[in-house]
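Subject: Structure for you to look at

Hello,

Here is the structure I promised to pass on. Please open it first, then read my notes below.

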Amino acid sequence: MPTTSEMSLPPEWEDDERMNFMFSEFKENRDVNTTDWDSKMDFWTALIFRSCRQCGSVLVNLQDLNTTFQRKEKTPLGLSTVLQTMARCGTIQRESEFAASVDCGWVSWSVGMLLVKPLKWTFSTLLGSKRVPLEESFVVVDLVKEKAAELLKVYQRSEFSSCSIVSFQELCTLFSDICADESTLCMALLQLQKDKQVIVSLHEGEKIVKFCQPGQERVSPVSDVDVGIYQLQHSEKLLGERVQKLSLEADRCKEEARILLREEKKSQALRCLRSRKRVEKRADSLFAKLETIRGILDRIAQSQTDKMVMQAYQAGVAALRLSLKDVSVERAESLVDQIQELCDTQDEVNQTISSGVTAADEDMDELEKELKALLDEPEADVNPPDLPAFPTDSRGLSGEQILSPLPAVPHSHLNTTADVLEEELNRLTLSETGLHVQISSFLSVSVELSQTTCSQLSLLSGFPQRRVTSPEKRLEAAQ
């Protein structure tokens with residue numbers, strides 16, 4: 001635990017009056033002054049958490065706390081009560097109880113003992129006693145959970161992530177920067193063991209730790225295959241170190257032979273060269289074995305990949321079989337036939353709707369002939385010819401000046417007889433209303449033209465204007 005000079009303290013640490021109250025003993029009955037009792041408890045609880053985080057430890061004991069929080073040669077008198085209250089609330093837990101809380105159905109009690117040995121197992125009732133043993137260690141539950149999560153992240157980013165099993169000594173080296181001591185590492189591993197993320201076992205007297213691999217929710221028990229892979233990896237590491245040492249020894253022999261040759265000690269230089277040859281031969285033999293072990297490890301890794309692929313294939317086949325449970329070729333053909341039948345029915349319905357409704361009394365051939373006859377007839381000019389403006393004031397004008405702006409007098413007979421109109425009416429087939437309108441328009445224009453022409457002639461001849469009888473009236477009179 002760090003001393004007060006090595007850790008950050010709250011501002012009230014310099015207040016003598018306030019700290020005298022904090023260093024005093026707790027009242028036996030909390031109900032006497034609840035506010036003061038709780039404020040003192042909160043102060044020491046927060047300070048214990050701060051000191052543990054700064055030193056990177058998850059274990060506390062009364063002896064270390066008394067040493068850490070000394071102020072002006074005074075020791076806090078209420079830390080025993082603080083630890084008891086924290087244990088009662090579940091904030092801290094005795095080290096022995098924490099190790100015993102590992103699920104015995106998943107990992108044996110002896111495995112838990114591997115990490116917490118040696119422990120001083122005290123069977124006195126903590127909460128029933130007014131005194132806490134000075135050397136009794138307590139685990140800060142929240143801090144050990146944080147440390148366990150940090151250890152798992154460091155392992156997943158390290159070179160050991162490809163190894164499911166790692167020796168305890170290698171873990172001590174790997175986590176030396178984040179664990180203050182071996183006890184902190186053991187508590188973090190116990191927490192991971194409770195979370196089903198690691199499992200601790202013994203192999204030939206050596207503690208080994210198996211981690212949960214990516215894609216797994218919980219670590220599987222250590223199997224013979226895991227132990228075999230660990231042995232191969234361990235052998236690979238040892239052989240690699242020996243080959244490296246032999247290589248260095250061969251280089252040393254070669255350098256000694258060079259020095260002896262310069263000193264004209266030929267016989268000794270030859271002995272050094274013979275030693276170099278023997279060392280190189282041993283190194284080559286060990287290197288061949290090392291390559292064999294590496295080849296076996298590569299094949300094991302490939303087999304693990306093949307196993308994973310086979311499991312994926314099996315899962316895919318099972319899912320495909322389940323999805324095609326109610327599907328068959330006959331059912332598919334039946335569905336296709338039904339779809340084709342429905343499509344044909346829809347096409348027939350669309351064709352029937354688009355053909356429209358035809359009245360039974362309509363004769364299409366007769367209508368087409370009548371339409372062709374209308375197209376063959378020449379179009380009648382219903383627009384009257386453009387006539388010059390009639391002079392409004394003819395006084396002082398001669399006859400030639402009056403006649404000059406007028407068109408030539410037509411030589412044809414202007415009066416239309418009833419026979420001609422009768423023939424015209426008989427020739428046309430009045431089957432549409434538009435033809436009646438054209439004929440009436442044509443007759444009206446003809447009458448207007450006759451009246452206009454007669455008016456102009458009457459002006460020229462001096463005779464009174466003659467009223468022109470319309471063809472309809474003449475026709476009625478003739479009849």
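Leaving aside neighbours within four places in sequence, alanine 269 is in contact with Ala257, Leu260 and Leu261. Bear in mind that this is a predicted model.

Stay with alanine 269 for a moment. This residue lies in helix α11, which covers residues 266-323. Is alanine 269 buried or exposed? Its relative accessibility is 5%, and buried means under 20%, so alanine 269 counts as buried. Now look at one of its contacts, Ala257. Alanine 269 and alanine 257 are 12 residues apart in sequence. In space, their C-alpha atoms are 4.2 Å apart.

Next, go to threonine 184. You will find it in helix α9, residues 182-194. Its relative accessibility is 0%, so threonine 184 counts as buried too. Which residues does threonine 184 touch, not counting those up to four places away in sequence? They are Gly56, Ser57, Val58, Lys147 and Cys179.

Last, the strands. β5 spans residues 198-203, and β6 spans residues 206-211. The two run antiparallel. How many bridges join β5 to β6? There are six. Together, β5 and β6 form a hairpin, with two residues between them. Glutamate 204 sits in the turn. Its phi is positive, at about 55°.

Best wishes

Note on methods
Residues numbered from 1 in each chain as written. Predicted model: local features only at pLDDT ≥ 70, side-chain atom pairs only at ≥ 80, totals over all residues. Heavy atoms only, no water. Helix = DSSP H or I, 4+ residues; strand = E, 2+ residues; numbered from the N terminus. Buried < 20%, exposed > 50% of the residue type's maximum accessible area, 1.4 Å probe, protein only. Contact = heavy atoms within 4.5 Å. Pairing = 2+ DSSP bridges.
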